[in-house]
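Here's a quick briefing to read alongside the model. Have a look at the fold first, then work through the points below.

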Amino acid sequence: MAGRVQQSRVVKKESAERTVDIARYLERINYHDSLEPTFQTLQTLHEAHLLAVPFENLDISLGREIVLDEASLWTKIVEHHRGGFCYELNGLFALLLRALGFQVDLLSAAVANSTGGFGPAFDHLTLLVHLEEDCVAGVGFGESFRRPLRLQAGLTQPQDGGSYRLEREGVSWIYQEWDGVWKPAYRFSLQPHELSDFAAMCHYQQTSPESHFTQQRICSLATRSGRITLSDQRLITTSEGERTERLLTDQEYRTVLAEQFGIVFSPRA
């Protein structure tokens, strides 16, 4: 079994190397540091990605289908300088990590809901990176941890003014965020999956009237001092803990997309 797992990982690494132009991807995320497959490199890559590539669902409101294949993700995020949601961002980030020699699993997660329960399987895609100490990574969950979390149950892991932890519940793990109390954000197991396994839920998220992704436009990007977000026509800026909001005109909206997020729509974008 161990031999088959290792062989699978070698195949995935070779496939990723053929698919990814590493230099172009690193240029996209403004990364100029070590490429050794270490925990430190993973931390730096992870944060660089969050500072450069927005979490956004703009294609849905434009009626453009989101397709989960590596070529489409590459074209959209790297060539057209767009962002995406979890399946796109984490799917492509996993490809980069594999090309650099990291061992990465795609994990199915169920997002916490307002009733105290969790949504369906494949509701969210998160990543498990195998190092000397396994880590949970993810660049596609909006405002969340900026650097990977060590896979340790009950360990409080503070980052940039926030606190995060993972708890174990049978075969499941629960990612939690501190907000006066520990609040669950999503639940996942360590069973690895292929990107194609997420296709059905990706279709649901972009087509169902019950999906929150079909109910509003969102574009959000981490900054060194906080975060900038477009929620429909509302611009929300957080800097050093201070939050401001204002309603934008259509022209202001397009200007902010271009100047703050680097997104300029064209017929092919």
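Rings of Phe, Tyr and Trp (its six-membered ring) count as a pair if their centres lie within 6.5 Å, with planes under 30 degrees apart called stacked, over 60 edge-to-face and the rest tilted. With that in hand, Phe 55, Phe 85, Tyr 87, Phe 122, Phe 198 and Phe 213 form one aromatic cluster. Keep in mind that this is a predicted model, where local features need pLDDT of at least 70, side-chain atom pairs count only at pLDDT 80 or more, and totals for chains, interfaces and linings use all residues. Residues are numbered from 1 along each chain as its sequence is written, and side-chain values use heavy atoms, leaving out hydrogens and water.

**The eight-stranded sheet**

- Helices (H or I, at least four residues) and strands (E, at least two) are DSSP runs, numbered from the N terminus, and two strands pair if DSSP finds at least two bridges between them.
- Eight strands make an open sheet with antiparallel pairing, in the order S5-S4-S3-S2-S9-S8-S7-S6. At its edges sit S5 (149-150) and S6 (157-159), each of which pairs on one side only.
- S2 (residues 103-111) runs antiparallel to S9 (residues 182-193), and five bridges join them. Here Ala 109 stands opposite Phe 188 of S9.
- S7 (residues 162-169) and S8 are antiparallel too, joined by six bridges, with Leu 166 partnered by Tyr 175 in S8. Two residues lie between these strands in their hairpin, and Gly 170 in the turn has a positive phi of about 65°.
- S8 also pairs with S9, antiparallel, over seven bridges, and this time Tyr 175 stands opposite Tyr 186. Their hairpin has three residues between the strands, with Gly 180 in the turn at a positive phi of about 85°.
- S8 (residues 172-178) is largely enclosed by the rest of the structure, because five of its seven residues are buried (buried is under 20% relative accessible area, exposed over 50%, partly exposed in between, using a 1.4 Å probe and protein chains only).

- S11 (residues 226-231) and S12 (residues 234-239) run antiparallel, joined by six bridges; Ile 228 has Thr 237 as its bridge partner in S12.
- S12 in turn is joined to S13 (residues 242-247) by six bridges, again antiparallel, and Thr 238 stands opposite Arg 243.

**Helices**

- H3 (residues 39-52) and H6 (residues 86-99) pack at about 145°, their axes 12 Å apart (axes are lines fitted to C-alpha atoms, for helices over the stretch in contact, and angles run from 0 to 180 degrees between N-to-C directions).
- Leu 42, Leu 45, His 46 and His 49 of H3 make the contact with Phe 93, Leu 96 and Leu 97 of H6, where contact means heavy atoms within 4.5 Å.
- H6 also lies across S2 and S3 (124-130), at about 20° to S3.

**Aromatic pairs**

- The count comes to 14 aromatic pairs. One of them is Phe 141 with Tyr 175, edge-to-face at 6.5 Å centre to centre and 75° between the planes.
- That pair links distant parts of the chain, 34 residues apart: Phe 141 is in the loop between S4 (135-137) and S5, while Tyr 175 is in S8.
- Phe 141 is partly exposed at 24% relative accessible area, whereas Tyr 175 is buried at 0%.
- Trp 178 and Trp 182 also pair edge-to-face, 5.3 Å centre to centre with 65° between the planes. Trp 178 is partly exposed at 45%, and Trp 182 is partly exposed at 21%.
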